[in-house]
2 protein chains.
Amino acid sequence: MAHAKRSEFTEAEQQLAAVAKALSHPARVAIVRLLAARNACVCGELVSELPLSQSTVSQHLKELRAAGLVQGEISGPRTCYCLAPAGWELARRLWGELLAALPPEASSCDC
Amino acid sequence: MAHAKRSEFTEAEQQLAAVAKALSHPARVAIVRLLAARNACVCGELVSELPLSQSTVSQHLKELRAAGLVQGEISGPRTCYCLAPAGWELARRLWGELLAALPPEASSCDC
DNA sequence: AGGGCTTATCGTATGTTTACGATGGCAAAG
DNA sequence: CTTTGCCATCGTAAACATACGATAAGCCCT
């Protein structure tokens with residue numbers, strides 16, 4: 001009966017939550033940063049840069065890809081990953097909308 | 001043995017992941033938006049605005065507070081919640097840093 | 001075809017999240 | 001002092017996430 005109420009929220013809320021979820025693990029943030037740093041694609045280099053096993057990295061990549069933040073191309077025997085511009089565009093927009101809805105500045109609590 | 005590798009990542013990566021985790025559920029995004037909309041504080045109004053039970057909402061609020069995105073003050077018999085500017089400032093900064101590290105524009109994959 | 005490398009997936013163990021009802025504490029009202 | 005109302009926490013059940021090793025799948029080279 002748990003995890004069953006997600007459908008009762010806004011589309012935007014669910015999308016933003018999905019993006020946030022994809023980045024809700026340090027390993028995935030690290031992967032994104034690595035991909036951004038090389039700006040080009042990397043494959044199993046990620047594994048050697050991270051303190052995680054190959055299968056775990058692969059699993060994180062799968063989630064990032066499912067969230068639309070990363071795309072991968074099979075290039076010969078290895079797989080080439082890179083950031084997916086469309087996904088980041090959406091993420092940027094959603095996050096921007098949320099921030100825009102926030103109170104202007106340090107207008108904290110007035111209760 | 002699971003969930004034990006989090007300490008092997010950057011401070012910034014962990015912080016960003018924590019913020020993302022706090023927003024990784026539609027209900028919490030919805031709560032943030034409600035708090036932003038009323039710009040002031042609300043209490044159990046949240047419960048009546050959300051398709052969730054009181055205890056569940058309280059639990060989500062606890063997580064948002066733990067992440068530093070929301071602060072609550074006990075005001076008489078009810079509790080008054082509002083967004084925590086400091087937490088959002090940090091979130092804004094971390095997210096901005098990540099976006100800044102991304103490839104300039106639609107410079108997708110070049111493999 | 002076969003050997004070797006890289007990556008994905010499977011199976012599995014353990015921890016975390018999510019949700020709810022029920023219980024308890026605390027302040028204002030009576 | 002008791003009652004009322006609000007909120008947090010406890011207890012619990014089911015689902016999900018995380019990590020790893022092991023196994024399969026795919027491509028390249030000889």
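In what follows, two residues are in contact when they have heavy atoms within 4.5 Å of each other. By that criterion, the contact between the two chains takes 47 residues from chain B and 47 residues from chain A.

Good morning, colleagues. Before I continue, a word on the source. This is a predicted model, in which local features need pLDDT of at least 70 and side-chain atom pairs count only at pLDDT 80 or more, whereas totals for chains, interfaces and linings use all residues. Residues are numbered from 1 along each chain as its sequence is written, chains are lettered from A and ligands numbered from 1 in the order in which they are written, and side-chain values use heavy atoms, with hydrogens and water left out.

Let me begin with a single chain. Helices (H or I, at least four residues) and strands (E, at least two) are taken here as DSSP runs, numbered from the N terminus. Chain A has five helices and two strands, and from the N terminus on, its elements follow the order α-α-α-α-β-β-α. I call a residue buried under 20% relative accessible area, exposed over 50%, and partly exposed in between (1.4 Å probe, protein chains only). Of the 111 residues in chain A, 41% are buried. Among the contacts in chain A between residues at least 6 apart in sequence, 44% join residues at least 24 apart.

One interior position deserves attention. Val57(A) sits in helix H4, residues 54-66 of chain A, and is buried, with a relative accessible area of 2%. Which residues does Val57(A) touch, not counting those up to four places away in sequence? They are Leu46(A), Val47(A), Leu50(A) and Leu52(A). The C-alpha atom of Val57(A) is also 8.7 Å from that of Arg28(A), although the two residues are 29 apart along the chain.

Over all chains, the structure holds 10 of them. In one, Arg28(A) pairs with Glu63(A), with the closest N and O atoms 3.4 Å apart. This pair links distant parts of the chain, 35 residues apart: Glu63(A) belongs to helix H4 and Arg28(A) to helix H2, residues 26-37 of chain A. Arg28(A) is buried at 6% relative accessible area, whereas Glu63(A) is partly exposed at 38%.

A second example lies within one helix of chain B. Glu97(B) and Arg93(B) form a salt bridge with the closest N and O atoms 2.8 Å apart. Both lie in helix H5 of chain B, four residues apart, about one turn of the helix. Glu97(B) is partly exposed at 39% relative accessibility, and so is Arg93(B), at 43%. Elsewhere, salt bridges that share partners join Arg38(A), Glu45(A) and Glu49(A) into one network.

I now turn to the interface. Buried area is the accessible area (1.4 Å probe) that two parts lose on being put together, summed over both. Between chain B and chain A, this area is about 4,400 Å², and carbon and sulfur atoms give 74% of it. On the side of chain B, Phe9(B), Pro26(B) and Trp95(B) lose the most area to chain A, together 14% of what that side buries.

How many salt bridges cross this interface? The rule finds two. In one, Glu13(B) meets Arg33(A), with the closest N and O atoms 3.5 Å apart. Helix H1 (11-22), helix H2 (26-37), strand E2 (78-83) and helix H5 (85-101) of chain B are the elements that give two or more residues to the side touching chain A. H5(B) gives the most, with eight residues.

The side chains of Arg33(B) and Glu13(A) also meet in a salt bridge, at 3.5 Å from N to O. This pair crosses between chains, from helix H2 of chain B to helix H1 of chain A. Arg33(B) is partly exposed at 32% relative accessibility, while Glu13(A) is buried at 7%.

Finally, the symmetry. With copies superposed by least squares on the C-alpha atoms of residues with pLDDT of at least 70 in both, a rotation of 180° with 0.0 Å of shift along its axis places chain B on chain A, at an RMSD of 0.0 Å. That is the relation of a two-fold axis. In chain B, the C-alpha nearest the axis belongs to Ala20(B), 2.2 Å from it. The same surface serves both copies, as 100% of the contact residues of chain B recur in chain A.

Definitions and conventions
Salt bridge = Lys/Arg side-chain N within 4 Å of Asp/Glu carboxyl O.
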